[in-house]
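Me: I'd like to learn how to read a protein model by asking simple questions about it. Could you take me through one?

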Amino acid sequence: MGLRELALRWADALDGVVAPTLTRTETEAMLADLAELLVAAIRGDADLRNAHDAAVVLVAANYRDSLVVSRSIAVICHDMVEEVCTPDGLDYDQVRDRAVAVAAEFAAGCTGALRAAALVEQEATLGAALAAARDAEVRRQLSEARFEAVFAGASVGIGTVDVSGHVLAVNAAFAEMLGLPQQHMPGRPVADLLGPANIGHAYGQFRRMLAGETDRFRLETPHVRPDGGLAHIDLSMSAVRDAEGRIQFLIGVAVDVTERKQLADRLWHDAHHDDLTGLPNRLLFFDRLAGAVPPIGLCYLDLDGFKAVNDEWGHTVGDRVLHEVAQRLRAAAEPRAGLAARIGGDEFIVLIERCAGEPQLAAVANELRAALATPLRVAGHPVHVGASVGTVYVVDRPRAVDALMHAVDTAMYRDKAGRSPRGPHSA
């Protein structure tokens with residue numbers, strides 16, 4: 001599969017998701033260039049920054065729907081992995097791990113580019129609204145129509161508030177965003193619109209503005225609609241002053257960022273979890289380890305002879321074995337409030353916080369081995385999977401994480417050497 005075919009598959013995956021600014025031919029040419037950048041990053045020939053830059057280019061071409069990210073990640077983690085592995089004969093697991101890192105950087109690039117684009121639109125709208133509002137005070141007869149046009153026709157929410165904190169007016173977009181009838185909103189305290197979660201913070205900002213300490217503030221606040229739905233709203237408020245500097249009223253611009261927040265949450269999850277097994281990945285595991293409550297226990301697992309599974313039945317069956325193993329380890333760890341993570345390849349680790357001592361840790365290790373004792377049924381193949389398990393118990397919060405990981409890795413190899421070989425095999 002060459003870059004041209006990768007671009008065609010990528011374009012097909014994105015077809016119909018958004019209305020791009022490019023023609024199909026231009027889109028395919030752009031995606032071919034981006035695919036070259038991403039493939040180079042997966043091979044290790046280029047920095048992961050390539051993936052971030054590719055995401056920025058894609059968002060600039062108006063690919064801004066959340067499906068763009070998930071479908072692009074699928075192309076990166078499957079089609080591009082095959083493009084790198086098949087012709088180059090590289091190690092499948094290493095290439096796949098590199099592709100996951102590239103996909104995470106791509107997702108982060110999309111999130112940043114989407115936020116930047118939303119901020120540009122929001123600032124432009126606020127600037128237009130403020131300019132129109134100021135003109136309305138100075139040249140009322142000429143500019144009132146202009147302000148009303150901006151107010152009524154804006155795709156973002158716009159509202160005005162008097163100096164006592166009561167709503168003067170809101171446009172249709174703001175009313176729809178809040179799920180409230182537009183005609184019922186004038187005269188209501190702004191507290192009713194902001195929602196209880198941020199009302200204290202918002203009122204503090206209002207008081208500073210009315211006292212002349214600041215001319216604007218911005219906050220992101222949740223709002224529960226009357227139908228029970230939750231909207232996340234990015235609100236910017238600015239003061240409009242008269243010629244003597246007295247505040248006449250406040251004007252706000254609101255953007256519904258619910259979808260963006262959900263996308264950011266989903267991208268965070270995807271970047272911190274293994275796409276094959278769904279377990280936390282190395283990044284999230286080390287983050288949790290750094291903040292773990294001592295005493296802590298670690299169980300480091302390496303599947304014995306897993307390479308034989310891939311050699312005999314192929315990577316598809318091997319991936320299913322890893323997925324099933326992950327689910328069994330998760331089920332065994334969770335009753336102990338443990339965190340099971342996939343470190344890479346066929347290596348897993350379980351973190352136990354507030355560990356009661358080495359006897360408990362040994363019991364957890366035995367439970368993990370027992371979880372893998374029953375043969376797996378994968379694609380019609382009964383497969384026995386053995387695991388070498390190394391354990392380390394630490395009384396205090398770990399400071400040298402690398403040394404701790406080296407210790408538990410060494411313990412795992414001692415366990416592997418001390419037991420008779422028992423790798424995965426068909427029943």
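Reply: Happy to: below, your questions are answered one by one for this predicted model.

Me: How far apart are the end C-alpha atoms of helix 3, and what span should its 12 residues have?
Reply: Helix 3 covers residues 49–60. At 1.5 Å a residue, its 12 residues should span 16 Å. That agrees with the distance between its end C-alpha atoms, which is 17 Å.

Me: Which residues of helix 3 are buried?
Reply: A residue counts as buried when its relative accessible area is under 20%. In helix 3, the buried residues are Asn50, Ala51, His52, Ala54, Ala55, Leu58 and Val59.

Me: Is His52 buried or exposed, and what is its relative accessible area?
Reply: His52 is part of helix 3. The cut-off for buried is under 20%. His52 therefore counts as buried, with a relative accessible area of 17%.

Me: Which residues does His52 touch, leaving out those up to four places away in sequence?
Reply: Residues separated in sequence can still meet in space, and His52 gives an example: Phe106 is 54 residues away in sequence, yet the two are 4.9 Å apart, C-alpha to C-alpha. Leaving out residues up to four places away in sequence, His52 touches Glu105 and Gly109.

Me: Where do Arg49 and Asp53 lie, and what do their side chains form?
Reply: Both residues lie in helix 3, four residues apart, which is about one turn of the helix. An α-helix has 3.6 residues a turn, so residues three or four places apart point the same way. Arg49 is partly exposed at 44% relative accessible area, and Asp53 is partly exposed at 34%. Their side chains meet, with 3.6 Å from N to O, in a salt bridge.

Me: In which helix do Lys261 and Asp265 lie?
Reply: The side chains of Lys261 and Asp265 meet in a salt bridge, 3.6 Å from N to O. Lys261 is partly exposed, with a relative accessible area of 28%, and Asp265 counts as partly exposed at 44%. The two residues are four residues apart, about one turn, in helix 10 (residues 258–272).

Me: Which residues are linked in a network of salt bridges?
Reply: The model's count comes to 24 salt bridges. The residues linked in a network of salt bridges are Arg4, Asp12, Arg24 and Glu28.

Me: What is the angle between helix 12 and helix 13, and which residues make the contact?
Reply: Two packed helices are described by the angle between their axes and the distance between the axes. Helix 12 (residues 306–313) and helix 13 (residues 315–333) pack with their axes 7 Å apart, at an angle of about 140°. That makes helix 12 oblique to helix 13. The contact is made by Phe306, Val309, Asn310 and Trp313 of helix 12, and by His315, Val317, Gly318, Val321 and Leu322 of helix 13.

Me: How do helix 11 and helix 15 cross, and which residues make the contact?
Reply: The axes of helix 11 (residues 282–290) and helix 15 (residues 401–418) come within 12 Å and cross at roughly 110°. That makes helix 11 roughly perpendicular to helix 15. The contact is made by Phe285, Phe286 and Leu289 of helix 11, and by Val401, Leu404 and Met405 of helix 15. By class, this contact has no polar and no charged residues, and its nonpolar residues number six.

Me: What is the phi of Asn62, and where does it lie?
Reply: Asn62 counts as partly exposed at 27% relative accessibility. Asn62 is not a glycine, yet its phi is positive, about 80°. Its place is the loop between helix 3 and helix 4 (66–88).

Me: Where is Ala337 found?
Reply: Ala337 is not a glycine either, and its positive phi is about 60°. Ala337 is exposed, with a relative accessible area of 59%. Its place is the loop between helix 13 and strand 7 (338–344).

Me: What is the omega of the peptide bond from Pro294 to Pro295?
Reply: Pro295 is found in the loop between helix 11 and strand 6 (296–303). The peptide bond from Pro294 to Pro295 is cis, with omega near -5°.

Technical notes. Residues numbered from 1 in each chain as written. Predicted model: local features only at pLDDT ≥ 70, side-chain atom pairs only at ≥ 80, totals over all residues. Heavy atoms only, no water. Axes fitted to C-alpha atoms, helices over the stretch in contact; angles between N-to-C directions. Parallel < 35°, antiparallel > 145°, perpendicular 65-115°, else oblique. Contact = heavy atoms within 4.5 Å. Expected span 1.5 Å × (residues − 1). Buried < 20%, exposed > 50% of the residue type's maximum accessible area, 1.4 Å probe, protein only. Nonpolar A, V, L, I, M, F, W, Y, C, P; charged D, E, K, R; others polar. Salt bridge = Lys/Arg side-chain N within 4 Å of Asp/Glu carboxyl O.
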